[in-house]
Amino acid sequence: MSRSAKFCDGLARRDFLRLGTASVFGLGLTLPELLSRQARAAEAGKPTKDVSLIFLFLHGGLSTIDTWDLKPDAPVEFRGDFRPIDTNVPGVRIGEHLPRVARQMDKIALLRSFRHHNSDHGAADHYMLTGYFPTAGFNPTLSPNNQRPAHGAVVARTLGARGSVPPYVCLPKMHPSSGSAYLGPTAAPFVIDADPSAPDFAVPDLAPPPVVDATRLDARKELLVRMDRFQQSAEARSNHNAATVGVFQHKAFELMTSPDAKKAFDIHAEADGLRDEYGRNTLGQSCLMARRLVQAGVRCVTVDHSNWDTHFGNFATLKEQLLPKLDAALSTLFRDLADRGMLDTTLVIATGEFGRTPRVNKDAGRDHWGPAFTVALGGGGIKGGRVVGKSDARAEKPADDPCGPEDLAATLYHLLGVDQEEEFYTPEGRPVKVVNNGRILQALL
Amino acid sequence: MLTYRRRIALLLILLAPVAVSAQVVKTTVDPASISLRGPCAVYSLLVDDHAADGRLVDRTRDAHFRSLDPKVATVTPAGVVHAVGDGQTTVIVEIDGHDHNVAVSTVDATTPRRFNFENDVEPVLSRYGCNSAGCHGKAEGQNGFKLSVFGFDPSADYAALVKEARGRRIFPASPEYSLVLRKTSGHIAHGGGVRLPAGSDDYETLRAWIAAGAPFGQPTDPKTTAVRVEPRERLLTPRGKQQLRVIARTSEGREVDVTALAKFQSNNDGLASVQPGGLVTAGDAPGEAAVMASFMNQVDVFRVVVPRAEHIDPYPVVPENNFIDRLVLQKLRKLNIAPSDLADDAEYLRRVTLDVIGTLPTPAEARRFLDDRRPNKRAILVDELLERPEYADYWSLQWSDLLRVDRQALGSKRAYAYYQWIRRSVVSNQPFDQFARAVVTAEGPLGEDAAADFYKVVTKPGDEAGTLSQVFLGVRIACAECHHHPFDRWSTADYYGMTAYFSGIAVKPLGRDETLCVEGIAAAKNPRTGEEVFAHPFGEPAPTTAPQTGDRRAALADWMTRPDNPYFARNLANRVWARFLGRGLIEPVDDVRVTNPPSNPELLDALAHSVVENKFDVKALIRTITASRVYQLSSKPNATNECDEQNYSRALFKRIEAEVLLDMVCQTTGVAERFDGMPAGMRAIQLWDSKTSHYFLKVFGRPMRASACECERRREPSSAQVLHLLNGPEIQAKLSRDAGYIAKLAKREGGDESLVEDLYLTFYSRRPTAEETTTAVAYIRKEKDRRREAVEDLAWTLMNSLEFGFNH
C-alpha cells in the first residue's frame with residue numbers, strides 16, 4: 001500500500017519506509033532495501049553471510065588480568081592469586097578457573113590491547129555498548145540512558161527482523177545503555193525481563209492468559225481488526241506513534257502465534273543434559289536462551305549479567321562464584337554453536353565495561369580499570385585461537401596496537417554487514433555515523 | 001514509494017519556472033551601497049525578486065556582477081565584493097537584462113593586516129571543523145593535537161598551535177612549510193584529509209598570520225558581540241534556494257560580513273540543507289526548518305518555510321474563538337494548509353477530560369454532556385473540571401516529576417510533605433510566579449518550608465541551577481559547564497553565574513529536623529580557568545565585584561518572574577500548550593535555544609503575554625487554550641493537513657501517561673489497583689512516590705524522577721506495552737473479575753444494544769455507530785453459551801484499540 005500521505009518530510013519519509021504501512025510489517029527494512037543493502041555490502045568486499053550477535057556483557061567489569069591476560073611474572077601485588085593454564089591452542093594460556101573455556105580456545109580470539117579512557121560505570125557501559133563515549137548531560141541513572149543507539153538497535157534498524165521474532169532482544173533484563181536513542185521505538189530491544197533459570201520461566205505476556213485458548217484468541221483478534229476504527233484510518237497514518245502501536249500489535253500476534261517463536265522462547269524444551277552443561281544459573285541459562293533466540297532468527301541478543309564489580313575479595317568471588325559459571329556458560333555456548341553449525345554465523349563477544357586495576361587493593365579486590373583490558377570474542381568470521389595485541393608487563397596499558405570501543409563497533413558491524421558510513425540524525429538534526437571513526441580489526445578476521 | 005500521480009506532480013513543480021506563482025514587481029540588490037574598511041574587507045550582495053504577493057525570491061545566483069574599478073574592489077561571480085585599494089567604484093549587477101548599480105567605497109584597504117588569533121585564526125579552525133567534538137576538539141584531542149571544542153578557549157588553542165610539539169606546527173620563517181598548513185592542504189598525510197586547499201582565502205589568512213609572527217593579539221582588539229543572519233525568514237518552493245549573509249557586530253560597533261567563515265547547520269536536512277558558504281536548498285516536501293549560522297560562539301537562525309505546493313483557493317472561512325485561532329490560521333494560510341473540522345462533542349469531552357484531570361469520563365458523565373443542549377457547554381465543562389480533585393492530583397503529578405519528589409532521597413515522610421506542598425499550590429491555584437519563587441528561595445527548617453526539600457534531592461549548586469533553569473525557564477545550561485554551549489549563546493560565565501546563586505546552600509541537621517541554610521558569598525569558581533564568577537542571570541553581564549552576603553536567590557527569583565523575562569512566561573505557556581496540543585511550540589519544551597526556534601513565534605509571544613496579563617494563573621491559561629477552536633479541532637486529517645504535525649491544523653494523537661492509562665483500565669473494568677504501601681482505593685495519578693514498584697507503570701514509561709527532563713517520561717510505544725495489554729494476566733483478571741464491571745454488565749437485563757452502548761460510553765465516552773452496534777451484538781449472540789466471555793472479549797477489544805490507548 002503505497003500512499004503519499006506519510007512522505008511529509010525527508011526524515012519521516014525515511015522512517016516510514018522502514019516502519020512500513022499496512023503491507024510492510026517488518027520492523028526494519030522493506031525487502032528491496034535489504035537486498036540492495038546486502039548487494040552494496042558485497043560490493044565493498046564485506047561478508048554477506050547473515051551473521052548474528054550475542055553480546056555477553058559482564059556488568060561491573062570482568063577482571064581480565066585474572067582470566068584472559070595473566071601476568072605470572074609481575075610482582076605479587078599485581079599478578080594476584082591465579083595461575084595460567086594451557087589451552088587447546090599451543091602458546092595461548094588463560095586463567096586456571098576457566099578450564100572448560102581453555103578446551104574451546106581454538107574458537108575464541110583474545111583482544112589483549114583493548115582500552116578506553118574511562119573507569120566509571122555508566123559512562124563506560126555506554127561506551128562499550130554503543131561505541132560512543134557519552135557527552136555532557138549524560139545521566140546514567142536513567143533507563144534507557146542512550147545518547148547513541150546500542151549496537152543491537154543499529155542492527156535492528158539497518159538489517160530489520162528475520163521472520164516473526166524481533167531483531168534485537170535483551171535478557172534477563174535491559175541494561176540501561178541498550179536503548180535505541182534516536183532510532184526510535186521500532187529499533188528498541190524486545191526485553192525479556194525474567195530469569196531463564198527460574199523453574200517457571202516464561203517470557204512475560206507472550207502467551208495469552210490460560211482462559212484464552214487459540215479459538216478465543218482468533219476471535220478476539222478478528223474482533224480487534226474489525227472494531228478498531230483508527231487502525232486502518234487516516235488518523236493512524238498521520239500519527240506516527242499510533243501507526244507504531246499498530247505495527248507492534250501486528251508483530252505481537254505474529255509472535256504469539258508463531259510456532260518458531262514459541263519454541264525459541266520455551267527454554268524448557270531444551271534437553272536437560274545441555275541445560276545442565278550451560279549451568280543452571282542466570283548466566284548459563286541466559287546464554288542458552290541467547291543461542292535459541294539466534295537459532296530462531298534474532299539478530300542481536302544482549303545478555304546483561306551483573307555482579308562482576310569485585311572491589312572486595314576479588315579472588316574468592318571469582319573462584320567460588322563467578323568464574324565457574326562463566327566457564328560453563330561460555331565454553332558450552334561456543335561448543336554448542338559449533339555442534340549446530342552456527343558458529344560461522346554467530347559472533348559472540350564477552351566483555352565488561354572495563355577491566356580491573358592490575359594492582360590489588362587493600363581489600364583483596366581490584367577496582368575499575370579502563371586503560372587496558374581484554375575482550376574475548378569468537379564466531380561469525382573471527383579467527384579463533386588467536387591473541388591480538390598485548391598489554392604491558394603489568395597489564396596497565398596496551399603494549400602495542402591499542403584499540404577501543406570504536407574499533408570493536410566497526411569490527412562487529414563489518415561482520416554483521418552493517419554499513420559503517422550510514423548516518424542517522426539526532427533530534428537536533430545532527431548527522432551521526434554508525435561508527436565513530438573506528439577501524440575494522442583485520443587481525444581478528 | 002511515491003505514487004505516480006504524486007511523482008508527476010512533483011516533476012511539474014520542478015520543471016516550472018521559479019516565479020510561476022506570482023508576477024515579479026521589481027528586482028532589488030541588497031545593500032544599495034557598500035562601504036568597506038580595512039584590509040581583506042568583504043561584503044556579499046543579495047539579489048531579490050519582489051513578487052506581487054509580497055514574496056521575495058532569491059536571484060543572487062542568476063545575476064552577473066562586475067566591478068568598474070577592480071583596483072578599488074573586485075567582485076566574485078557569487079556577488080562577494082572584496083576591497084583591494086582605497087577609493088570609490090561601482091559594482092554593476094546585471095539581471096534579466098537590467099543593470100543595478102551598487103556604490104562601493106573603501107578605506108584602509110592596503111594597511112597591513114593586524115592579526116588577532118581569536119578573531120582571525122580561531123574562526124578558520126571552527127569553520128573547517130578542526131575543533132569539532134569528532135576531531136581535535138575531543139576531550140583527548142586527535143593524534144596528539146588538541147583544540148578546545150568549538151574554540152571556547154583561545155589561549156589554550158594558541159598554545160597548542162604555536163608552542164606545543166616543540167613549535168613545529170608553525171614556521172614563521174617559511175610559513176607554507178608550517179605543519180598546520182602542510183597537513184590541512186594535503187601536502188602531507190592528514191587523518192582529516194584536505195581541509196584548506198593551498199591558495200584558498202582561509203589558507204592565505206593562516207599563512208599571513210604565521211608570516212606576521214603568529215601573534216596572539218591585544219586584549220584591546222575588538223570582539224564579536226553578536227551575529228545576525230540575513231534574511232531571517234523566507235518562503236521557499238520545493239528545491240528552492242536561498243543565499244544567506246552573516247553579519248558580525250564587533251565590540252567597536254562595526255559590522256563585518258563573515259559569511260565565508262560562519263558555520264551553518266540545518267535542524268532538518270531533509271527539509272532544508274545548507275552548504276558551507278550559506279547556500280540553503282529546500283527539500284522536496286513542505287515543512288519548516290531552522291538553519292543555524294554560528295561565528296565566534298555567537299549564533300543566529302534563518303527560518304525556511306516551504307508551503308504545500310497546491311494553493312487553497314478560496315481558503316475556507318474558519319471561525320476564530322480567540323487570538324490562538326487567529327495566529328494559527330495565519331500560519332496555516334501561509335503554508336496552504338486548511339484545518340480539520342471541529343471535533344464532535346464526544347471527541348471533545350474525552351480529550352478535554354483526559355487533558356485537564358487525567359481521568360476518563362464515566363458513562364454517566366458522558367451521557368450528561370452529550371445530551372446537554374446548552375450552547376456554551378464546552379466552556380462550562382472546563383470550569384467544572386478545573387474544580388475537581390483529580391485536577392490537583394494530575395497536575396501535582398506532573399510538577400512532582402519535574403521537581404523530583406523522590407522517596408529514596410527524602411524518605412517517605414519528607415517526600416510526602418514535599419508532594420503535599422506542591423498539591424496545595426495546585427489546589428489553591430497559586431500564581432505560577434509565586435510557586436516558582438517559593439522553590440527558588442526556599443529556606444529554613446524543612447518541617448516548616450517543604451519546598452526546601454528540593455535542595456535535599458538536588459544537592460549540587462550546578463545541578464540546582466541547571467534543574468531550575470530547565471523547569472522554570474525551559475533552558476538547558478549544563479553544556480556550558482565545560483564549554484560554550486554549541487547551539488546557543490550560553491558561555492561558561494553564564495553557567496557559573498547561575499550556579500553561584502546556589503553556592504553555599506546546604507541542608508544541615510537542626511535538632512530533630514533539618515534546615516536549609518545559606519552561607520558564604522554568591523560566587524562559583526570555574527575549575528578550568530580558576531576564575532571566580534559572581535552570581536548573575538544567564539545572558540546578563542557578570543558583575544565585577546562580589547555581591548552582598550546573605551541569600552541572593554531572591555534576586556534570581558525577581559529576575560525570573562519579572563513580566564519581561566524572556567523565558568519564564570513563555571516556558572509556562574509552552575509547557576501547558578504542549579500538554580494540550582501534543583506538541584510544544586518549542587519542542588522539546590525544555591530545550592529553548594536560539595537554534596530551536598518556536599514553530600509559531602507570534603503565538604508563543606501572545607500566549608506568554610496572556611500569561612503575564614492573567615498574573616501567571618495556570619487555570620486561566622487552560623481556559624484560554626481549551627476555548628480555542630484550534631484545541632477543539634478533530635483529529636481526522638484532510639487532504640491538506642495529513643502531513644502536518646507541527647502547526648496545529650488537526651488534533652494530534654497524544655500518548656497517555658502510564659498512571660492515567662492504568663486508572664483508565666481500572667475504571668473501565670471497575671476493579672481498582674492496590675499499590676504497595678499505599679492506602680486502598682488510591683489511584684495511580686495520586687501516587688506521590690514514583691518508586692512504588694509496578695510492572696504496568698514501568699512498562700508504560702513512568703519516569704524515575706532522576707532528572708528534570710520532560711523526556712524522562714517515555715512516550716514511545718513498545719512491544720512490551722502492547723503485549724501487556726493484549727495478554728497480561730492482571731488485565732485479564734480485571735476483565736473477568738466476578739465483582740467487576742464487565743461481569744455485571746454481562747448479567748444485566750435490558751438488551752444487547754444497550755449493553756454495547758454502555759461499553760462504548762465506558763471505554764470511548766461515545767455512543768457506538770449503528771454498524772458497531774450490529775457487529776458487537778452479533779458477536780454476543782453468536783457466543784450465547786458463553787455470554788460473559790463474549791462481553792469480556794468485546795471489552796478486551798475496546799481496551800486494545802488505538803481509540804482507547806491514545807488521547808485524540
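B:Tyr43 has B:Val81, in strand 8 of chain B, as its bridge partner. This is a predicted model: local features need pLDDT of at least 70, side-chain atom pairs count only at pLDDT 80 or more, and totals for chains, interfaces and linings use all residues. Residues are numbered from 1 along each chain as its sequence is written, while chains are lettered from A and ligands numbered from 1 in the order in which they are written.

Strand 3 of chain B and strand 8, residues 80–83, run antiparallel and are joined by three bridges. Strands here are DSSP runs of E, at least two residues, and helices are runs of H or I, at least four, numbered from the N terminus. Two strands pair if DSSP finds at least two bridges between them.

The open sheet in chain B has three strands in the order 3-8-7, with antiparallel pairing. Strand 3 (42–44) and strand 7 (73–75) of chain B each have a single partner strand, so one side of each lacks a neighbour in the sheet.

Next, the peptide bonds. Most are trans, and most residues other than glycine have a negative phi. The bond from A:Leu171 to A:Pro172 is cis, with omega near -5 degrees. A:Pro172 sits in the loop between strand 5 (168–171) and strand 6 (190–191) of chain A.

A:Ala181 lies in the loop between strand 5 and strand 6 of chain A. A:Ala181 is not a glycine, yet has a positive phi of about 45 degrees. Is A:Ala181 buried or exposed? Buried means 20 or more other C-beta atoms within 10 Å of its own, exposed 12 or fewer, partly exposed in between, with C-beta atoms placed from the backbone. A:Ala181 counts as buried because it has 23 C-beta neighbours inside 10 Å.
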